[in-house]
Amino acid sequence: MENEIKTINYNGEEYDIADLTPRAVEAFNVLFKAQQNLTELATSVKLAQAANAGVAVELNSILKEDKIKPKVKIEVEKKD
């Protein structure tokens, strides 16, 4: 394979993959998976925020179109 990765950059340092011990390979794999998970979670949050904003806009339209008014708040004046 010509495109095989032979080195890895971590914390600004270059490491030969052939020099890594099995536990170092495992730690790198866990780190990469954690970074992928964080990226997926960030994407999920953005999607949920966009959906939330869209539903809020739709709800505002529904309330206006259906002429649903908020409940009138009546405050009783306290006598001292």
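Is F32 buried or partly exposed? F32 is partly exposed, with a relative accessible area of 35%. This is a predicted model, and the protein chain averages a pLDDT of 94. The chain has one helix and two strands, in the order β-β-α along the sequence. Its radius of gyration is 28 Å, whereas a compact globule of 80 residues would have one near 12 Å.

**Confidence**

- In the protein chain, 99% of the residues score a pLDDT of at least 70.
- Among the elements, α1 has the highest mean pLDDT, 98, and β1 has the lowest, 96.
- Where pLDDT is low, the predicted coordinates should not be read in detail.

**Overall dimensions and surface**

- The C-alpha trace of the protein chain spans about 80 × 40 × 20 Å along its principal axes.
- Of the 80 residues in the protein chain, 4% are buried.
- The accessible surface of the protein chain comes to about 8200 Å², and carbon and sulfur atoms supply 57% of that area.

**Aromatic pairs**

- Searching the whole structure gives two aromatic pairs.
- One of them joins Y10 and F28 in an edge-to-face arrangement, with 5.4 Å from centre to centre and 90° between the planes.
- This pair links distant parts of the chain: Y10 belongs to strand β1 (residues 7-10) and F28 to helix α1 (residues 22-65), with 18 residues separating them.
- Y10 has a relative accessibility of 35%, so it counts as partly exposed.
- F28 has a relative accessible area of 12% and is therefore buried, because the cut-off for buried is under 20%.
- F28 also pairs with F32: the ring centres are 6.0 Å apart and the planes meet at 25°, so this pair is stacked. The reason is that planes under 30 degrees apart count as stacked.
- Both F28 and F32 lie in helix α1, where they are four residues apart, about one turn of the helix.
- Through these ring pairs, Y10, F28 and F32 are linked into a cluster.

**Nonpolar surface patch**

- Four residues, L59, I62, L63 and I68, form a nonpolar patch on the surface.
- Together the residues of this patch have about 310 Å² of accessible area.
- L63 has a relative accessible area of 33%, so it is partly exposed. Its value lies between the cut-offs of 20% for buried and 50% for exposed.

**T43 in helix α1**

- T43 is another residue located in helix α1.
- With a relative accessibility of 42%, T43 counts as partly exposed.
- Between T43 and N9 there are 34 residues in sequence, and the C-alpha to C-alpha distance is 25 Å.

Note on methods: Residues numbered from 1 in each chain as written. Predicted model: local features only at pLDDT ≥ 70, side-chain atom pairs only at ≥ 80, totals over all residues. Heavy atoms only, no water. Phe/Tyr/Trp six-rings, centres within 6.5 Å; stacked < 30°, edge-to-face > 60°. Buried < 20%, exposed > 50% of the residue type's maximum accessible area, 1.4 Å probe, protein only. Patch = residues over 30% accessible without salt bridge, like charges linked within 9 Å, V, L, I, M, F, W, Y side chains within 5 Å. Areas by Shrake-Rupley, 256 points an atom, 1.4 Å probe, with all protein chains shown as cover. Salt bridge = Lys/Arg side-chain N within 4 Å of Asp/Glu carboxyl O. pLDDT = per-residue confidence, 0-100. Rg over C-alpha atoms; globule rule 2.2 N^0.38 Å.
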